[in-house]
Amino acid sequence: MQEQIDQYTGEINAFSPASAADLETFRIKFLGTKGIIKDLFDQFKSVGPEEKRTYGKVLNQFKQLAETKYAELKETFDSGLKPQDSELDLTLPGEGFEVGSRHPLSLTRMEIIDIFKRLGFVVAEGPEIEDDWHNFSALNFPEEHPARDMQDTFFIKKNNGKDDIALRTHTSSVQVRMMENGKPPFRAIMPGRVYRNEAISARAHCFFHQVEGLYIDENVSFADLKQTLYHFVQELYGEGTKVRFRPSYFPFTEPSAEMDISCTICGGSGCNMCKYTGWVEILGCGLVDPNVLENCNIDSKKYTGFAFGMGIERITNLKYVIRDLRLFSENDVRFLKQFQTEII
Ligand code: PHE
């Protein structure tokens with residue numbers, strides 16, 4: 001009898017049902033009216049008084065073991081858990097989960113937007129697939145004009161005509177959409193991805209990101225443009241950063257300029273980032289050409305305005321001293337992790 005009980009005890013302890021049906025089988029086998037325990041108690045009736053004393057206790061303990069095991073497992077199943085779940089050790093230390101980080105380009109974009117928002121600029125967006133009108137013609141690029149080649153365009157449909165479709169080469173196209181669909185005054189910035197057909201290298205990529213800006217109102221002058229961009233640079237790169245404007249050419253602005261800032265790395269004394277000139281170029285700008293205003297049904301006698309456009313990659317490179325554009329799109333976590341502390 002002892003042997004039998006030992007064997008069944010082992011069986012009960014090791015019992016681990018996969019389903020409620022298994023548990024029911026267990027109940028019938030041990031605790032049922034024709035089950036093992038009933039059988040053992042029947043056998044018990046016919047043993048001598050000496051053995052009764054020994055086995056009485058053993059048998060009762062065994063019965064209790066089977067009942068407790070059954071009751072515990074039943075409760076687990078009734079509560080909807082699986083028995084394995086109940087073996088979870090809730091006192092173990094938890095597994096930490098990694099917090100991601102913002103992409104450096106996002107950080108810069110957010111910072112630029114923030115500065116211009118404080119100056120009253122709103123954010124405008126537009127499509128990345130553009131027609132000839134919004135990307136070129138409305139912006140005063142004459143047909144067959146070499147200025148179109150300045151921006152190596154990815155054409156989706158090319159007809160050498162007005163119905164060309166292309167990936168936008170700049171977000172100036174959003175300025176056109178904004179002017180066409182609203183009434184001045186306008187004060188907006190246009191962040192977004194743009195595409196140009198360039199071989200990928202450390203210094204060029206086939207897509208990059210821009211923030212362009214547009215300010216149209218009565219009596220807007222070049223002085224307003226200079227002061228706005230000067231303020232922007234002080235906010236972004238710190239007080240005391242110098243700016244200078246060089247004459248340039250864009251079909252949609254007249255006069256046009258490029259703006260340089262004193263090198264953010266060497267402060268102007270000369271280093272390989274600024275090619276030992278002390279200056280680095282960060283954006284193009286100018287007063288909106290009256291032809292562009294007229295193309296968008298804005299009275300160029302009444303309204304004037306300025307526009308500017310910068311590459312977010314370039315601004316980021318200068319801010320964090322990144323020398324290879326390809327890093328931005330490779331998504332190597334060793335690169336991205338370095339910006340972890342800057343999560344906003
Ligand atoms: N659209 C120009 C470019 O992509 C930038 C620019 C915008 C220049 C507005 C002047 C005024 O290069």
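## Exercises: the ligand and its surroundings

A polar side-chain atom of Ser172 lies 3.1 Å from a nitrogen atom of the ligand. The model is predicted. Work through the tasks below.

**Exercise 1.** Find the distances from His170 and Gln210 to the ligand.

Solution. Begin with His170. One of its polar side-chain atoms lies 3.0 Å from a nitrogen atom of the ligand. Then turn to Gln210. Here a polar side-chain atom lies 2.8 Å from an oxygen atom of the ligand. Now look at the cover: on its own the ligand has 320 Å² of accessible area, and the protein covers 92% of that.

**Exercise 2.** Describe the shell around the ligand by number and class.

Solution. Count first: 14 residues surround the ligand. Among the closest are Arg196 and Glu212. Then sort by class: five are nonpolar, seven are polar and two are charged.

**Exercise 3.** Which strand gives the most to the shell?

Solution. List the strands that each supply at least two residues: β6 (207-217), β9 (279-288) and β10 (304-311). Then pick the top one. β10 leads with three residues.

**Exercise 4.** State the domain bounds and the separation of the centres.

Solution. Read the domain assignment: domain 1 spans 2-87 and domain 2 spans 104-342. Taken over C-alpha atoms, their centres are 79 Å apart.

Methods
Residues numbered from 1 in each chain as written. Predicted model: local features only at pLDDT ≥ 70, side-chain atom pairs only at ≥ 80, totals over all residues. Heavy atoms only, no water. Near = heavy atom within 4 Å. Polar contact = N/O pair within 3.5 Å; in protein donor to acceptor, adjacent residues only side chain to side chain. Areas by Shrake-Rupley, 256 points an atom, 1.4 Å probe, with all protein chains shown as cover. Helix = DSSP H or I, 4+ residues; strand = E, 2+ residues; numbered from the N terminus. Nonpolar A, V, L, I, M, F, W, Y, C, P; charged D, E, K, R; others polar. Domains from an automatic or database assignment.
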